[in-house]
Amino acid sequence: MGVAVSKKHGKAHTRNRIKRLVRAAFSSSCGVLENSYSVIVIPKVAEQYSFKVFEQSFLSCFKKVNLCAKKPESFSKN
């Protein structure tokens, strides 16, 4: 997985925090994938970044492109 965070996100320590959050969220959600894939992540500029938001985004993306091997508990039928 590759993470690209531009200088628009802030100083180096902010960009590094974003990269750590994205990697952690990907690691926790990649267990639902059927096969191995190459993924490049370019986060959008936001006021705040959180692990939960990144994790939900990954799971949502995996679901949209039908990459999930099993249905994780965090998916709800809303």
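The largest nonpolar core comprises 14 residues, and Ile 18, Val 22, Phe 54 and Phe 58 have the most contacts inside it. Here a nonpolar core is a set of buried Ala, Val, Leu, Ile, Met, Phe, Trp, Tyr and Cys residues joined through side-chain atoms within 4.5 Å. A residue is termed buried under 20% relative accessible area, exposed over 50%, and partly exposed in between, with a 1.4 Å probe and protein chains only. Helix H1 (12–29) and helix H2 each supply at least two residues of this core, and H1 gives the most to it, with 5 residues. In soluble globular proteins, nonpolar side chains tend to be buried together.

The model is predicted: local features need pLDDT of at least 70, side-chain atom pairs count only at pLDDT 80 or more, and totals for chains, interfaces and linings use all residues. Residues are numbered from 1 along each chain as its sequence is written, and side-chain values use heavy atoms, with hydrogens and water left out.

The protein contains 2 helices and 2 strands, which run β-α-β-α from the N terminus on. These elements are DSSP runs numbered from the N terminus, with helices (H or I) of at least four residues and strands (E) of at least two. Of the 78 residues, 31% count as buried. Among the contacts with a separation of 6 or more, 69% are accounted for by residues 24 or more positions apart, a contact being heavy atoms within 4.5 Å.

Phe 58, one of the core residues with the most contacts, touches Met 1, Val 22, Ala 25, Phe 26, Ser 29 and Val 41, when residues up to four places away in sequence are not counted. Aromatic rings were also examined in pairs. A pair of aromatic rings is described by the distance of the centres and the angle of the planes. Rings of Phe, Tyr and Trp (its six-membered ring) pair if their centres lie within 6.5 Å; planes under 30 degrees apart count as stacked, over 60 as edge-to-face and the rest as tilted. By this rule there are 4 aromatic pairs. Phe 26 and Phe 62 form an edge-to-face pair, at 6.3 Å centre to centre and with 75° between the planes. This pair links distant parts of the chain, since Phe 26 belongs to helix H1 and Phe 62 to helix H2, 36 residues apart. Phe 26 counts as buried because its relative accessibility is 12%, and Phe 62 likewise counts as buried, at 5%. The ring centres of Tyr 49 and Phe 54 are 6.2 Å apart and their planes stand at 10°, so this pair is stacked. Tyr 49 and Phe 54 are both buried. Ring pairs also join Phe 26, Phe 58 and Phe 62 into a cluster.

The largest pocket has a volume of about 380 Å³. Rolling a probe the size of a water molecule over the atoms shows where empty space is left. A pocket is an open set of points, on a 1 Å grid over the protein atoms alone, where a 1.4 Å probe fits, with protein on both sides within 12 Å along at least five of seven lines; lining residues have an atom within 4 Å of a point. The volume is the space filled by probe spheres set on the points, which are joined across faces, edges and corners. The lining consists of 17 residues, of which Val 41, Ile 42, Pro 43, Phe 54 and Ser 57 lie nearest the centre of the pocket. Strand S2 (40–41) and helix H2 (51–64) each supply at least two lining residues, and the largest share, 6 residues, comes from H2. By class, the lining has 13 nonpolar, 3 polar and 1 charged residues; Ala, Val, Leu, Ile, Met, Phe, Trp, Tyr, Cys and Pro count as nonpolar, Asp, Glu, Lys and Arg as charged, and the others, Gly among them, as polar.

Several further residues were considered individually. Arg 15, in helix H1, is buried, with a relative accessible area of 18%. Arg 15 touches Val 5, Ser 6, Lys 7, His 9 and Gly 10, not counting residues up to four places away in sequence.
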